[in-house]
Each structure stands twice: as structure tokens, then as C-alpha cells.
Amino acid sequence: MQLKNDLLIRAALGQPVERTPVWLMRQAGRILPEYRAVRESVSGFIELAQTPELAAEVTIQPVDILGVDAAIIFSDILVIPEAMGLPYEMVEKRGPWFPETVQSAADLKKLRIADGVDDLSYVIEAIKITKKALNGRVPLIGFAGAPWTIFAYMIEGSGSKTFSKARAILYTQPKFSHQLLQMITDSTINYLKAQIEAGADLVQLFDSWAGILPPNHYEEFSLKYISQICDAIQSVPKTVFAKGAFFAREAMGKLDCQTIGLDWNMGIAESRAMIGMDKTLQGNLDPAALYGSDKEVAAATRLMMEQFKGTRHIANLGHGVYPDISPDKVKVFIETVQNF
Ligand SMILES: Cc1c2[nH]c(c1CCC(=O)O)Cc1[nH]c(c(CCC(=O)O)c1C)Cc1[nH]c(c(CCC(=O)O)c1C)Cc1[nH]c(c(C)c1CCC(=O)O)C2
């Protein structure tokens, strides 16, 4: 299927574009009343994510309603631990929770390397339905968590400010840490390959907890595995978004990927100098900028666009859109990029 709007793919590959493509991390979700209506028709997030027709419907909502230049498949990064044998629950207003966690090499026996097609068939099915329904209007982004971020949830069992249990294990049980990270990496490669086979046009790795590691641990316990995933996936463009990993930008410039995501703390000119000219940069408006007036949102967006001007760029926020942001402000952000 030929894409009618392939701006995202051309921007990722560093090919000429008429204008900068724009989408938002976490665009398929609670900012839209239309999403909340679908969400209320089922028992919760997990049932929604595991019902391919509904997952496809909420994936396409931001394309119809907001006019973004890409769809991202509606799922979560935590489907990988579940497919490996560690199920999660989504607790209303509190976030993910794992009834069982992994703490030492003995626990590895309860885990398996996930097969993307069999263990995650509901995501694969949702991708196929979405691709068909999109009919080439915009590219579909597939995604997974980066191994370190997934490891952090599997050890900790929930979100955490410090992820101190997960960070402790890197010091106290480095060998076990590497074993688990390798199992997550192998599962993620299988999963992303299955997503691409089903129709994903580009894939993004989310390393949401990159910023809590010291640089040496980031190199040893995160980048090493991201690098394996980048090397294993060759058929579509890859984006790596490592939130808070300002110290690793130079190393990220050497990954076999096309795009590096910047968070809003990362200076644009400085990041370009560290990462080099042969990568596309994605980002990086402060998500809180969307709490301003329409005029303020437009001004902040234009300021960001000015700073990226003339270099390879995909416009986005510096992290996921906050759930209480008004869709009207999101539209101002999108239209300001598209008219720039
Ligand atoms: C760390 C992380 C998670 N999930 C994700 C990350 C990486 C990006 C980031 O750093 O924000 C990624 C994710 N989660 C979700 C998507 C869907 C596609 C999209 O719109 O981008 C994506 C790409 C749906 C979701 N994932 C979740 C929801 C809300 C669940 C609901 O509707 O009740 C959605 C729509 C739940 C979730 N899932 C997770 C948390 C911490 C939470 C609770 C807090 C929150 O809601 O943001 C783990």
C-alpha cells in the first residue's frame, strides 16, 4: 500500500520534505473525549488494548480529529513483560502494577522469550486492521519499550520516582541483570519484527527511565541492548527516544537508527552538535507549553521550529502529551507546525 502522506518516513530518512511532519507521543489516549467514550464501553485499558477493532479505532482517532501526520498503534510498552510471563494490571489513576516481580536468577525460570506473532497476536491483529482502515492516509508507527525501561518495571513492580530496586540490582546482581535484559531484548526484536510484518511503517523505542542511570550504567545496561535492537531491525526507519539521557547524546548519534528523540530539557543546537548531521531529530516542545493561551502555544511552537529550521526534523513534544491538555491546544500546536 502506497502512502499518500509519507512526510514522516521521508523526514526520518533525511529526504526532502515540503513541510515538517508532526505527531504527538501519547496522542492516542485520554486527551480525546472520543477516546474516553470508547474506553468507557469496556472494563478498562487492558480490555481496550486487547480488542483489536477498538484498539484500531482509537489509533485512528487522532488522525481524524487532530490531523497528525502519523498514527501510533494503541498499546502499551508493558505488553512485553506480560508476553514473557509477567502479567500487569492498570490501576485507575495510579498506573501499572505487577502482582509478581522478578528479583533474581531463580525467577528467570518463570519467564520465556516472547514470540511476537503468537504471544502478542492482539497487537499484530490491531496493526493489520489499522493499516487497512488508514488506507495509506498516514504512516503507522509501531513501538516497544527499551529493555532498561521494561527491566525497571519488571523488578520494581510499578512506577516509582527513583526505581531504586531496579538500580540496586544493577550493582548487586549484574550477571542476572544482563540475563534478564537479554531476554527482554530478544523478545522485543521478535515483537518489532512481527509489528513490521503486520504493516508498521516505522518503529520507536521508548526509554522513559533512561535519565535515572549514571552514564556508565546507561552505556552498559541500556545502550548496549538498544544497539542490538537497532542492528536487528533493518526494514523500516527506527527512532530512539531516551528521556533524560542528555549525557548519552553523542553515543546515540552512533546507533544504527535514523531518528533520535529529544526531550524538552535538551538544547536543540547543542543536541545537533553532539548527535551530528546525519540523524533526524524528533521533538521537543515542553508538554506544559500546551497549558498556555492559543497565542502562547503558537509562539512557543514557532520558537521551537525556528531552532530546528534547515535540519532534519520531526515535530513532537519532548514527552507524552499530558492527559488534561485541551485538544484545542493540541490542534494549535499541530497547525502551527503544518503552516510554518
Ligand atoms: C512508560 C510508558 C508506559 N507506557 C508507555 C510508556 C513510554 C512513554 C512514556 O514515557 O510516557 C507508552 C505508551 N502507552 C500508551 C501508548 C499508546 C499510543 C500513544 O498514544 O502514544 C504508548 C506509546 C497507552 C496508554 N498507557 C496507559 C494509558 C492510560 C490507561 C487508561 O486509559 O486508563 C494509555 C492510554 C497507562 C500507562 N502505561 C504506562 C504508565 C506509566 C501508565 C500510567 C500513566 C499514564 O496513563 O500515562 C507505561
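This report walks through a sheet, its covering helices and a helix pair in a predicted model.

Residue numbers start from 1 along each chain as its sequence is written. Because the model is predicted, local features need pLDDT of at least 70 and side-chain atom pairs count only at pLDDT 80 or more, while totals for chains, interfaces and linings use all residues.

Let's start with the sheet. Strands (E, at least two residues) and helices (H or I, at least four) are DSSP runs, numbered from the N terminus. Here, 7 strands form an open sheet in the order S1-S4-S5-S6-S7-S8-S9, with parallel pairing; two strands pair if DSSP finds at least two bridges between them. Strand S1 (71-72) and strand S9 (313-317) are at the edges with a single partner strand each, so one side of each has no neighbour in the sheet. Further in, S4 (residues 140-145) and S5 (residues 202-207) pair over 5 bridges, and Phe143 has Gln204 in S5 as its bridge partner.

Axes are lines fitted to C-alpha atoms, for helices over the stretch in contact, and angles run from 0 to 180 degrees between N-to-C directions.

| Helix | Lies across | Angle |
|---|---|---|
| H10 (residues 174-198) | S4 and S5 | about 170° to S4 |
| H11 (residues 215-232) | S5 and S6 (238-242) | about 170° to S5 |

Now for a helix pair: H4 (residues 52-65) and H7 (residues 121-134) pack at about 50°, with axes 8 Å apart. Residues of H4 including Ala56 and Ile60 meet residues of H7, among them Ala126 and Ile129.

Conventions:
Two residues are in contact if their C-beta atoms, placed from the backbone, lie within 7 Å.
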